[in-house]
Amino acid sequence: MGRKYKVSVIVPVYNVEKYLKKCLDSLVNQTLKSIQIIVVNDGSRDNSQEIIDQYAKQYPDKIFSYTKENGGLGDARNYGLNYAEGEFISFVDSDDWVDEKMFEQMYNYAVQYQFQIVVSDMYCINDGWTLGTVAKEYRGQNPNPEIRDFVLNCLDPAHACGKLYFYQLFNIQKFPQIWYEDMATIPVIMSYAESIGYLQMPFYYYRQRAGSITQMNSDSRTLQVMQAWDNIIENVNKLYSKEVVA
């Protein structure tokens, strides 16, 4: 494919000095060696950049550090996409962490079966002290579910993390600068993928903590979820009209 790396991982960072080392440790220790870790500091006001600098100095062949003015999670992901040189793209939030075998397993699975997207399971973590249940696992009885069954049962397309994407898919759409930017983007990306694989392994550790978007239900910006759904509906209408014409 002519790409420099097998996988590029984009990590947006905003005021997460408490969690960042655990996230970066899980990435620099990946069993996949051909990996590019793009860390985008989205205008942090704490000591996050000092931590990033330490890792960039220690792992200059893996960690690539970028800084920008604060623009939100979607804007930081888009910024990272500009520098991604991997055959596949993935996203890891900076307060989460991943299994060290995640990207080798997912990349090999994608290549072996020619999937443009690979979806994995994830663990739900209660701010670091309690392991929850598998948050996104298939809830049916079939041990080898088809991807359509997985999607319908778990609504997983609303989450950008825990997936591997063929890089060209992000030529279709980037992340909007709204809350729920992944909900507005990932279902669209998945709808254009020629093939999607489900790897039934919980590689991703998703931390739910106070102050995160998912925990701030009283903030008026949560209403931007309506914009995300509007974007999905608009895309569905475009796809449907193409099918009707065809």
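This is a predicted model: local features need pLDDT of at least 70, side-chain atom pairs count only at pLDDT 80 or more; totals for chains, interfaces and linings use all residues.
Residues are numbered from 1 along each chain as its sequence is written, and side-chain values use heavy atoms, with hydrogens and water left out.

The protein chain has seven helices and nine strands, taken as DSSP runs of H or I with at least four residues for helices, and of E with at least two for strands, numbered from the N terminus. Strand 6, residues 117-126, runs parallel to strand 9 and is joined to it by ten bridges, whereas strand 5, residues 97-98, pairs with strand 9 in the antiparallel sense over two bridges; pairing requires at least two bridges found by DSSP.

Turning to charges, the structure holds four salt bridges, meaning a side-chain nitrogen of Lys or Arg within 4 Å of a carboxyl oxygen of Asp or Glu. One of them joins Lys68 to Asp42, with the closest N and O atoms 2.6 Å apart; Lys68 lies in strand 3 and Asp42 in strand 2, 26 residues apart. Both Lys68 and Asp42 are buried, which is to say under 20% relative accessible area, with exposed being over 50% and partly exposed in between, for a 1.4 Å probe and protein chains only. Asp42, Lys68 and Asp75 are linked in a network of salt bridges.
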